[in-house]
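Reader: Could you walk me through this protein, a bit at a time?

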Amino acid sequence: MNARSADARPTTESASPEQTPAGASPSGPDRRRRPRPEWVVAALASLLLAVVLTWPTLRHPATTIPGDLGDPTLQAWQVAWAGHALLNEPLNLWHSNTFYPERYTYAYSDTLLGYAPIGMLGSGFEAALVRYNVLYVLLHALACFGAYALARQLGANRWGGAVAGIAWAFAPWRLAHSGHLNILSSGGIALSLAMLARGHGWSMRHGYRPERRRPGWALAGWLVAAWQVTLGFGIGLPLVYFLLAAVLVAAGGYGWSWWRRRERPPFGRRLLLADLAGGAVFGTVTLLLGLVFLRVVDLNPQAQRTLDWTKMFSPPLMGFLTAPADSWMWGERHAAAREQLSWPPEMALLPGMTVLGLAAAGLIVSAYPLRRRIALGLGVLGTVLLGLGATLGGDGDPGYLTLSTHLPGWDALRTPGRMMHWTSLLLALLAAGLVTALAESPGRHTQATAPDGSPGRHTPGRIARILMPLLLLVPLGLVTAEGVNTTPHPTVPTPPAAMRAAPEPILVLPAGGVGDLTYMLWTTEGFPRVTNGLAGFEPVSQAQTKAAIASFPDPGSVAYLRGIGVRSVVAVPGRAAGTPWEGIETRPVDGLGITREELDGALVYRL
């Protein structure tokens with residue numbers, strides 16, 4: 001049977017999109033040409049949910065930012081720099097305008113390079129903020145849509161897919177990462193897995209069906225996975241190793257089936273070529289990005305992460321049942337539990353009480369075969385054990401620390417709790433299996449008939465079919481309610497006029513600390529080179545600069561800054577309280593060979 005005839009055959013199952021597309025009749029020669037409104041509705045619903053459940057992100061997108069004034073301002077700059085560099089100076093992409101005079105500074109943290117096309121839209125400070133806030137909403141929509149597509153491909157019906165999409169994209173634990181765009185940007189994981197499964201004709205419910213193979217979907221899955229990696233290795237590297245393991249397992253299973261049956265199972269040359277091409281792109285992107293980060297470590301040995309970081313951020317088991325403070329439903333209720341966590345932002349890992357209950361029941365009642373339910377359950381257990389990090393068995397070995405020791409690059413993943421991406425996705429799939437089984441169970445009943453053949457009284461099955469949609473709204477409503485946030489949206493300080501008037505390279509004072517992240521965002525007005533910047537490590541030159549400028553302006557600091565090429569200093573006295581530059585506006589500049597000008601409350605020193 002070829003793929004077209006397989007798609008056209010009638011079916012009574014409505015569990016997955018590969019069986020009966022939404023909006024299409026189950027038979028007919030032109031079925032494949034008809035539109036599939038299910039995916040349009042799913043995309044629009046995901047977008048609407050994202051707007052509502054991230055609100056008030058889009059209320060004042062040009063002035064506020066979700067989370068805090070730390071990492072979000074850094075990441076707004078990252079997206080803006082990527083777009084600016086690729087449009088204007090692509091050869092200097094990795095050598096950003098910050099941390100002057102260092103090199104490869106764009107790779108000092110996860111780059112969000114995959115968002116560069118959006119970074120090309122608009123210019124300036126306000127555009128950078130709007131761009132970030134829109135991305136914040138869109139990444140939640142993509143995660144919801146991706147998980148929905150994955151659940152549908154693996155055999156869930158629309159109810160199950162909706163529960164899985166919402167439970168994964170808006171899980172309470174994600175609210176702890178409202179300031180980490182690179183961690184929240186995981187929609188490509190679910191979407192790529194859905195595409196790869198569809199391309200290979202595989203689902204949890206029906207296993208491998210060769211007639212369902214779609215090489216184009218397989219290629220698209222690899223490309224989406226490659227794009228996901230460009231958003232950062234923090235969550236991209238586990239995807240790399242998962243796909244590598246999946247390829248090895250699939251190849252082993254294919255070989256075992258061939259040996260057992262003494263005949264080669266169907267696979268197809270086109271699908272093989274799609275896998276080879278897509279895998280080559282995926283591997284090349286991963287390798288090239290890895291080489292850039294290795295170059296950063298070569299230039300800055302202090303950037304090497306030790307296992308002490310992993311031990312510090314390893315959560316206790318109770319963390320998996322503790323919600324972050326920004327959870328509307330559980331935040332205040334779990335306040336006492338959070339106080340027992342040494343670092344709640346990385347240890348409050350509640351995937352959702354509703355999805356935990358649904359997943360547990362899904363191990364018993366499900367649309368999936370028993371062996372695959374068991375596999376999902378073991379996956380949940382395995383990812384939880386990995387997520388415990390060093391708290392597993394006292395030292396995390398064997399466990400997460402074992403991977404940090406033996407897998408290339410894994411030692412840089414210092415936060416084991418981020419394995420919750422995979423834990424919560426597996427829980428969502430288990431929940432989808434249960435909801436699908438419940439939604440389909442009334443369909444197995446029939447209506448009774450009278451002795452003369454006329455319709456009789458409604459059977460319990462008919463009543464259940466009427467009531468079931470109402471009952472299914474309960475889990476859907478609960479997973480949605482658990483995603484409601486109380487995330488703060490602070491106003492971002494606007495760049496002073498002095499930043500535009502000062503000739504580059506610039507030093508902004510007070511220097512050091514989280515304030516440098518705000519300065520990085522300020523540079524989106526023209527991207528002047530600045531010595532300021534903040535990352536997970538401190539370059540040697542930056543440490544030297546901080547030591548030399550503590551008494552600015554004086555002869556030593558002025559001479560040092562001239563020596564490294566800095567042409568101006570912008571001081572913001574209103575931000576200097578409690579720093580070495582408090583009262584800088586009263587310090588004399590006579591005899592230093594420099595000029596000072598005040599512009600709207602900021603000072604410009606021209607060297």
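This is a predicted model: local features need pLDDT of at least 70, side-chain atom pairs count only at pLDDT 80 or more; totals for chains, interfaces and linings use all residues.

Author: Residues are numbered from 1 along each chain as its sequence is written, and side-chain values use heavy atoms, with hydrogens and water left out.

Reader: Are H5 and H18 parallel, perpendicular or oblique to each other?

Author: Helices (H or I, at least four residues) and strands (E, at least two) are DSSP runs numbered from the N terminus. The axes of H5 (residues 125–154) and H18 (residues 420–440) come within 10 Å and cross at roughly 50 degrees; axes are lines fitted to C-alpha atoms, for helices over the stretch in contact, and angles run from 0 to 180 degrees between N-to-C directions. Angles under 35 degrees count as roughly parallel, over 145 as roughly antiparallel, 65 to 115 as roughly perpendicular and the rest as oblique. H5 and H18 are therefore oblique.

Reader: By class, which residues make up the contact of H5 with H18?

Author: Contact means heavy atoms within 4.5 Å. H5 brings Ala147, Leu150, Ala151 and Leu154, while H18 brings Leu425, Leu429 and Ala432. Ala, Val, Leu, Ile, Met, Phe, Trp, Tyr, Cys and Pro count as nonpolar, Asp, Glu, Lys and Arg as charged, and the others, Gly among them, as polar. With no polar and no charged residues, the contact of H5 with H18 has seven nonpolar ones.

Reader: How is H8 placed against H10: roughly parallel or roughly antiparallel?

Author: The axes of H8 (residues 187–199) and H10 (residues 233–261) come within 11 Å and cross at roughly 20 degrees. That makes the two helices roughly parallel.

Reader: What is the order of the strands in the open sheet of four?

Author: Two strands pair if DSSP finds at least two bridges between them. E3 and E4 pair in the parallel sense over four bridges, whereas E4 and E6 pair in the antiparallel sense over four bridges. The edge strands, E3 (506–509) and E5 (595–599), each pair on one side only. Pairing is mixed, and the order is E3-E4-E6-E5.

Reader: Which residues of E3 point the other way from Ile506 and Val508?

Author: In a regular strand the side chains alternate between the two faces of the sheet. Here Ile506, Val508 and their counterparts are all buried, a word that means under 20% relative accessible area, with exposed over 50% and partly exposed in between (1.4 Å probe, protein chains only). Pointing the other way are Leu507 and Leu509.

Reader: Which residue does a cis peptide bond join to Leu509?

Author: Most residues other than glycine have a negative phi, and most peptide bonds are trans. This bond has omega at about 0 degrees, and it joins Leu509 to a residue in the loop between E3 and H21 (515–522). That partner is Pro510.

Reader: Is Asp600 buried or exposed?

Author: Asp600 lies in the loop between E5 and E6. Phi is positive there, about 50 degrees, although Asp600 is not a glycine. With a relative accessible area of 72%, Asp600 is exposed.

Reader: What is the relative accessibility of Thr486?

Author: Look for Thr486 in the loop between H19 (460–481) and H20 (497–501). Leaving aside neighbours within four places in sequence, Thr486 is in contact with Ala325, Asp326, Ser327 and Trp328. Thr486 counts as partly exposed, at 41%.
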